[in-house]
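Q: Please show me the fold. Then let us read it together.

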Amino acid sequence: MTTPHVVVVMGVAGTGKTTIGPLLADRLGVPYAEADDFHPEANIAKMSAGTPLTDEDRRPWLDAIGAWAHGRAGLGGVVSCSALKRAYRDRLRAAAPDVVFVHLTGDRELIEDRMAHRQGHFMPTALLDSQFATLQPLQADETGVAVDVTGNPDEITDRAVTALDGLAG
């Protein structure tokens, strides 16, 4: 299966964007990009210190992701990006109008438990509340699907592929 679309795997920290994104890219036969790699060092330092990013902090990050997505237009790709606010998704769509969102969703307890067990990631569990407070789920006029994150990564990826197939059909 391949897709000409760029798929943005979105959701709060700990939903599995970095796990599901590469699996989804592999299933779709397209390249994967990790949104964290687009952050300037100042953003990483801020998050590592437990300080939430401002919208101003996120602009260059979103623009870099949008530029990558634009460069993959018609070729397909998967990129992880929290994309918590509608305005952030609008900024990505301004750069790459045909992006499709896969919103990884799950209950706070499950996500917090997963975050507590990850190693070597700069996003502390303490920022999870701010992530949920900021989250604006996909709206009816946004091209995308919500995918529940219960189960193992293969099950979640299967649900994402099925949901994306439903969009295409």
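Q: How many bridges join strand S4 to S5?

A: This is a predicted model, so local features need pLDDT of at least 70, side-chain atom pairs count only at pLDDT 80 or more, and totals for chains, interfaces and linings use all residues. Residues are numbered from 1 along each chain as its sequence is written, and side-chain values use heavy atoms, without hydrogens and water. Strands are DSSP runs of E, at least two residues, numbered from the N terminus. Two strands pair if DSSP finds at least two bridges between them. Here five bridges join S4 (residues 100-105) to S5, and the two run parallel. His 103 stands opposite Ala 146 in S5.

Q: In what order do the five strands form the sheet?

A: The order is S2-S3-S1-S4-S5, in an open sheet with parallel pairing. S2 (32-33) and S5 stand at the edges with a single partner strand each, so one side of each has no neighbour in the sheet.

Q: Where does Asp 148 lie, and is Asp 148 buried or partly exposed?

A: Buried means under 20% relative accessible area, exposed over 50%, partly exposed in between (1.4 Å probe, protein chains only). Asp 148 lies in S5 (residues 144-148). Its relative accessibility is 32%, so Asp 148 counts as partly exposed.

Q: Which helix holds Met 115, and is Met 115 buried or exposed?

A: Helices are DSSP runs of H or I, at least four residues. Met 115 is in helix H5 (residues 108-116). Met 115 has a relative accessible area of 6%, so it is buried. Its C-alpha atom is separated by 9.0 Å from that of Leu 128, 13 residues apart along the chain.
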